[in-house]
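This report describes the architecture and some local details of the chain shown below. Please keep the sequence and the coordinates in view while reading.

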Amino acid sequence: MAKGHGQHKVGWDFFGAELKIRREAAGFTQQDLGTRVFCSGSYIGQFETGIRKPQLDVAERIDAVLKTDGFFARMCRELIDSSPYEHYFAEAAYLEGLADTIREYAPLFVPGLVQTEAYARAVFLAGQPHLADEEIDNRVAARLERQRLLDDPTKPLLWVVLDENVIRRRVGGASVMSEQLTHVAALTRKRRITMQVLPIHVGVPAVGAMLSLMTFKDAPPLAYSEAAHSGNLLDDPARVTGLERAYDLVRAHALPPDASLTLIESVAEEYANEH
């Protein structure tokens, strides 16, 4: 799984290579080290190959066991701080670049991976209107950079369920919404993404917040859930399985892809005519 983004790929690959060197120098197997830092040996292997990033507390325990004087914790902090994303999303953004499949439920906004520049700018301005223009520009640029994932014609497979409120909510005004929904429809028609709409009349959805489910070729699946200025990356198998079932219920109640596309294009036309 060598895919990655810029400095993240280089930085975390270097972290993994150094971990392997220091572990072997200390005479530990991956399982030996994993037992001492309270994770599995396979996780240590995934850290060493760059498949997965350790949390800061794990890096600190690695330093304690390998007697590396805070080396791995400092590197971990630097890589997290150098991310163009909010700290709670930085790891999830990195993992998107490694995923084979991404399944999302979007209750409030069009997902970042398919946002237009104007829509992304409107979202950032609405959430943090007092940010300097330069910071807004940086955040929009980082979001558009994430979308280079979709330059690959087949990977990752992206399946999105949009709450109908998302296409009805006037983010940035009629012209911005028309452009955004037209962009989503174009990606769908090119068969690059699969898009469904969960109708408002369904009532209470089985998932109450933004949810992203990621699968990988040679690592366990993960779930990422986000709320206002916070996010949680979950890898506990039982919790991930539960969220996968909840997502399946949402998808089962959504309109079929063809009907969803028709609705999205119809609403886009309404916005265009209004503008």
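Throughout this report, contact means heavy atoms within 4.5 Å.

## Basis of the description

The model is predicted, so that local features need pLDDT of at least 70 and side-chain atom pairs count only at pLDDT 80 or more, while totals for chains, interfaces and linings use all residues. Residues are numbered from 1 along each chain as its sequence is written, and side-chain values use heavy atoms, with hydrogens and water left out.

Helices (H or I, at least four residues) and strands (E, at least two) are DSSP runs, numbered from the N terminus. Two strands pair if DSSP finds at least two bridges between them.

## The sheet

Six strands form an open sheet in the order β3-β2-β1-β4-β5-β6, with mixed pairing. Because β3 (193-198) and β6 (230-234) stand at the edges with a single partner strand each, one side of each is left without a neighbour in the sheet. From one strand to the next the twist averages 15°; here, axes are lines fitted to C-alpha atoms, for helices over the stretch in contact, and angles run from 0 to 180 degrees between N-to-C directions. Helix α11 (residues 237-253) packs on the sheet, where it touches β1 (101-106), β2 (157-163), β3, β4 (210-215), β5 and β6, and its direction makes about 65° with that of β1.

Strand β5 (residues 222-227) pairs with β6 in the antiparallel sense over five bridges. Within this pair, alanine 227 stands opposite serine 230, and glutamate 226 stands opposite glycine 231. The two strands form a hairpin with two residues between them, and histidine 229 in the turn has a positive phi of about 55°.

Leaving aside neighbours within four places in sequence, serine 212 is in contact with Ile102, Arg103, Glu104, Leu222, Ala223 and Tyr224.

Leucine 113, in the loop between β1 and α7, is likewise classed as buried, at 2% relative accessibility. Not counting residues up to four places away in sequence, leucine 113 touches Glu96, Ile102, Glu104, Arg146, Gln147, Leu149, Leu150 and Leu158.

## The pair α7 and α8

Helix α7 (residues 117-127) and helix α8 (residues 133-146) pack at an angle of about 130°, with their axes 9 Å apart. That makes α7 oblique to α8, since angles under 35 degrees count as roughly parallel, over 145 as roughly antiparallel, 65 to 115 as roughly perpendicular and the rest as oblique. Glu117, Ala120, Arg121, Val123, Phe124 and Leu125 in α7 meet a set in α8 made up of Ile136, Asp137, Arg139, Val140, Arg143 and Leu144.

In α7, the residues Tyr119, Ala120, Ala122, Val123 and Phe124 are buried, and what covers the buried residues of this helix includes α8, α9 (164-168) and α10 (174-189).

## Backbone exceptions

Most residues other than glycine have a negative phi, and most peptide bonds are trans. Aspartate 69, in the loop between α4 (56-66) and α5 (71-81), has a positive phi of about 55° although it is not a glycine, and is exposed with a relative accessible area of 66%. Arginine 191, found in the loop between α10 and β3, has a positive phi of about 60° and is exposed, with a relative accessible area of 72%. The peptide bond from lysine 155 to proline 156 is cis, with omega near 0°, and proline 156 is found in the loop between α8 and β2.

Conventions:
Buried means under 20% relative accessible area, exposed over 50%, partly exposed in between (1.4 Å probe, protein chains only).
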